[in-house]
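Please keep the sequence and the model in view while reading.

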Amino acid sequence: MGREFDVIIVGAGASGMMAGISAARSGAKVLILEHMDSAGKKILATGNGKCNFTNEKQGIAYYRSNNPAFVLPVFEQFGLEDTLSLFKELGIEPRSKRDGYYYPASGQASSVREVLLMECRRQKVRIAYNVGIRSIYKEGKYFIFDTKQGEFRGKTCIIATGGKAAKKTGSDGSGIPYIVGFGHKVTDIVPALVALQGKQSFLREIAGIRAENRVKIYIENEEIAEETGELQLTENGVSGIPVFQLSRYASYGLSEGKEVYVLLDFLPWQTEEETVIMLEERFLKYGKGKSAREALIGLFSEKIIGVLLKEAGISTETRAEVCSKEEIKKLVNVIRHLRVDIVGTKGFDAAQVTAGGVDTEEIDAATMESKIVSGLYFAGEVVDVDGMCGGYNLQWAWSSGWVAGKHAGEGSKQL
Ligand SMILES: Cc1cc2nc3c(=O)[nH]c(=O)nc-3n(C[C@H](O)[C@H](O)[C@H](O)COP(=O)(O)OP(=O)(O)OC[C@H]3O[C@@H](n4cnc5c(N)ncnc54)[C@H](O)[C@@H]3O)c2cc1C
């Protein structure tokens, strides 16, 4: 393998491979340096092995960053339609499922990785594996990559090293020192799309329950956001898609030492007045001969009934018909606003994504090029952009990878 390239990309993940394909299609000679023994390990884990690779619903609301509008010029150049049509060309037949989630028709994340690797081979993108990079610096017009396998020189450099989530797939944060070394600011990074740990001991009693729920997150008593979907209660906390969607706020709140809690609403499809009427009916009208616990059977799963009653201060064996309207109101309040204090997250190893990254203020959104060092580009999760659950993080990887690769490839020809 030669040692001089137009574009050298660090990281052969989703965004790095996409950047490689795009740069090579613009005529550049491309090398990807990967420190693992294979490419796209994280892709294999996506969508429970099925790879939810994008979503038909797109818009700025699905992306989070200190500056969410940063994503717009990137998606204008390479958005959903471009992604679907490129993947179709590469062989991925898209199948849209619930909530607009797209998966490959094969049902296998491995096919997404495979078609990217096939295209890298066709476009003569070299991938060097098990490469240990000691440092990256610029000397004259070249970026020098000082590695344990010797020196590589690139006219342009794309950093696509991902975040810190799921480090066994290779993204361990080791790309950050290269970025800081170039004088870039990296915003605080925290785990996102991750389960949360709660304080209340009742969680142990209801572990394993899944229930339709509206989850609201509060930081220092201020409501920050809410999400509705299937809540999963775990032995020491809360999980499931609505919790994942809110987790970045919890992560940031906790990292700043703030009080974080969620309120769980177990009847999100009703108004509170409807819940009062329904419970008065179940307890006072149809509750004859039933205990309070029995009056709730058929409405909630059995494990949770005991916890809801206990939190409302009602004994499970109290006769339903003797409960006062005041007690019923208290129970409604617990059902609609069960508080769980958040004391931690499950951490980067359990997280799907990293929030925070290279400060977008210092990147040109039209090209993904650094505003500080010419010829230096960024792609993917390493940038301060994280998407919601639903295919948005891979969409960001494809789009930012494509844009960075195209401009790095074209830019290298001017040098
Ligand atoms: C369990 C799980 C499920 C997920 N499911 C989905 C999903 O269904 N849909 C979705 O949109 N998103 C999903 N995601 C998120 C998505 O996979 C990531 O956002 C996406 O892969 C980010 O792409 P990337 O190229 O920026 O980083 P990565 O894919 O993490 O790739 C970074 C690459 O850089 C390499 N690297 C890192 N540091 C160095 C270094 N110093 N030197 C050389 N190489 C280096 C790594 O080994 C890796 O190959 C999921 C994530 C996880 C963990």
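Predicted model: local features only at pLDDT ≥ 70, side-chain atom pairs only at ≥ 80, totals over all residues.

How many bridges join strand 12 to strand 17? These two strands run antiparallel and are joined by 3 bridges. Across this pairing, Gly198 stands opposite Ile342 in strand 17.

## Domains

The domain assignment divides the protein chain into domain 1, made of residues 4-190 and 356-414, and domain 2, made of residues 195-346. Taken over C-alpha atoms, the centres of domain 1 and domain 2 are separated by 40 Å.

At the contact of the two domains, 6 residues of domain 1 meet 7 residues of domain 2. The side of domain 1 that touches domain 2 has 3 nonpolar and 3 charged residues, and no polar residues.

A barrel is closed by 6 strands, with antiparallel pairing, in the order 12-15-14-13-16-17. From one strand to the next, the twist averages 45 degrees. Helix 8 (residues 241-255) packs on this sheet and touches strand 12 (196-198), strand 13, strand 14, strand 15 (237-239), strand 16 (260-265) and strand 17 (338-345). The direction of helix 8 makes about 130 degrees with that of strand 14.

Strand 13 (residues 210-219) runs antiparallel to strand 14 (residues 222-234), and 10 bridges join them. In this pairing, Lys216 is placed opposite Glu226 in strand 14. Strand 16 is likewise paired with strand 17 in the antiparallel sense, over 4 bridges, and here Leu264 lies opposite Leu338 in strand 17. In general, the strands of a sheet pair through backbone hydrogen bonds.

A separate description applies to an open sheet of 3 strands, which has the order 3-6-5 and antiparallel pairing. Strand 3 (54-55) and strand 5 (94-96) stand at its edges; each has a single partner strand, so one side of each is left without a neighbour in the sheet.

Strand 3 pairs with strand 6 (residues 101-104) over 2 bridges in the antiparallel sense. Asn55 stands opposite Tyr101 in strand 6.

## Surroundings of the ligand

Which residues are the closest to the ligand? They are Gly11, Gly13, Gly162, Gly170 and Gly380, from a shell of 39 residues that surround the ligand. By class, this shell comprises 16 nonpolar, 19 polar and 4 charged residues.

Helix 1 (14-25), helix 2 (41-45) and helix 13 (392-414) each contribute at least two residues to the shell. Helix 13 gives the most, with 4 residues.

## Helix 1 and helix 13

Two of the helices that supply the ligand shell, helix 1 and helix 13, also meet each other. Their axes come within 7 Å and cross at roughly 35 degrees, and the crossing is right-handed.

On the side of helix 1, the residues in this contact include Ala14, Ser15, Gly16 and Met18. On the side of helix 13, they include Leu394, Ala397, Trp398, Trp402 and Lys406. The residues of the contact divide into 11 nonpolar, 8 polar and 1 charged.

Technical notes:
Residues numbered from 1 in each chain as written. Pairing = 2+ DSSP bridges. Axes fitted to C-alpha atoms, helices over the stretch in contact; angles between N-to-C directions. Near = placed C-beta within 6 Å. Nonpolar A, V, L, I, M, F, W, Y, C, P; charged D, E, K, R; others polar. Left-handed = near helix turned anticlockwise from the far one by under 90°. Domains from an automatic or database assignment.
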